[in-house]
Amino acid sequence: MRFVVSMVIAVAASTVAPPALASRICHSLWFERAAIYKDAGLCFKTERAINYFGNAGCSYDDERDVPLTPRARARIEELFAKERAHRCGGWWW
């Protein structure tokens with residue numbers, strides 16, 4: 001997870017990205033956000049998230065019910081902001 005976080009920070013620092021890089025940035029941001037939810041027990045609904053993370057051991061069907069620390073919630077908000085800034089539409093569960 002630390003590798004993913006450092007990669008996201010390094011890649012997301014770019015403000016103007018060509019389409020291929022933008023796609024990788026969006027994927028990295030989505031992946032980090034989804035990993036936070038996975039660790040906290042979210043049951044994913046989309047094929048994409050289930051393929052990456054599975055649903056074994058999940059406990060929460062709604063992300064609003066997932067018990068997250070204030071730090072994790074703040075990080076998720078940062079990731080959402082970066083996704084919006086990079087126009088990463090449609091990257092959900």
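Colleague: What percentage of the 93 residues of the protein chain count as buried?

Modeller: This is a predicted model, in which local features need pLDDT of at least 70 and side-chain atom pairs count only at pLDDT 80 or more, while totals for chains, interfaces and linings use all residues. Residues are numbered from 1 along each chain as its sequence is written, and side-chain values use heavy atoms, with hydrogens and water left out. A residue is buried under 20% relative accessible area, exposed over 50% and partly exposed in between (1.4 Å probe, protein chains only). Of the 93 residues in the protein chain, the buried percentage is 39%.

Colleague: Which pattern does the protein chain follow along the sequence?

Modeller: Helices (H or I, at least four residues) and strands (E, at least two) are DSSP runs, numbered from the N terminus. The chain contains four helices and zero strands. Its pattern along the sequence is therefore written with these elements, and reads α-α-α-α.

Colleague: Of the contacts with a separation of 6 or more, what percentage comes from residues 24 or more positions apart?

Modeller: Contact means heavy atoms within 4.5 Å. Among the contacts with a separation of 6 or more, residues 24 or more positions apart account for 53%.

Colleague: How many Å apart are the end C-alpha atoms of helix H4?

Modeller: The expected span of a helix is 1.5 Å times one less than its number of residues. For the 16 residues of H4 (residues 70-85), this should give 22 Å. The model agrees, since the end C-alpha atoms are separated by 23 Å.

Colleague: How wide an arc do the buried residues of H4 cover around the axis?

Modeller: Ala-72, Arg-75, Ile-76, Leu-79, Phe-80 and Glu-83 are the buried residues in H4. They lie on the same side of H4, because the arc, taken over directions from the helix axis to the C-beta atoms, is only 140°.

Colleague: Which exposed residues lie on the face of H4 turned away from its buried side?

Modeller: An α-helix has 3.6 residues a turn, so residues three or four places apart point the same way. In H4, the face turned away from the buried side carries Pro-70, Arg-71, Arg-84 and Ala-85.

Colleague: Are helices H2 and H4 roughly parallel or roughly antiparallel to each other?

Modeller: Two packed helices are described by the angle between their axes and the distance between the axes. Axes are lines fitted to C-alpha atoms, for helices over the stretch in contact, and angles run from 0 to 180 degrees between N-to-C directions; H2 (residues 19-40) and H4 pack at about 155°, with axes 9 Å apart. Angles under 35 degrees count as roughly parallel, over 145 as roughly antiparallel, 65 to 115 as roughly perpendicular and the rest as oblique. H2 and H4 are therefore roughly antiparallel.

Colleague: How far apart are the C-alpha atoms of Arg-75 and Ile-36?

Modeller: Arg-75 is found in helix H4 and is buried, because its relative accessible area is 15%. Arg-75 and Ile-36 are 39 residues apart in sequence, and their C-alpha separation is 9.0 Å.

Colleague: Which distance separates the C-alpha atoms of Lys-82 and Ile-25?

Modeller: Lys-82 also has its place in H4, where it counts as partly exposed at 25% relative accessibility. Lys-82 and Ile-25 are 57 residues apart along the chain, and their C-alpha atoms are separated by 9.2 Å.

Colleague: What is the phi of Arg-87, approximately?

Modeller: Arg-87 is found in the segment after H4 and is exposed, with a relative accessible area of 75%. Although Arg-87 is not a glycine, it has a positive phi of about 55°.

Colleague: Leaving aside neighbours within four places in sequence, which residues does Ser-59 contact?

Modeller: Ser-59 is found in the loop between helix H3 (47-53) and H4, and counts as exposed at 53% relative accessibility. Its C-alpha atom is 6.1 Å from that of Leu-42, 17 residues apart in sequence. With neighbours within four places left aside, Ser-59 contacts Gly-41 and Cys-43.
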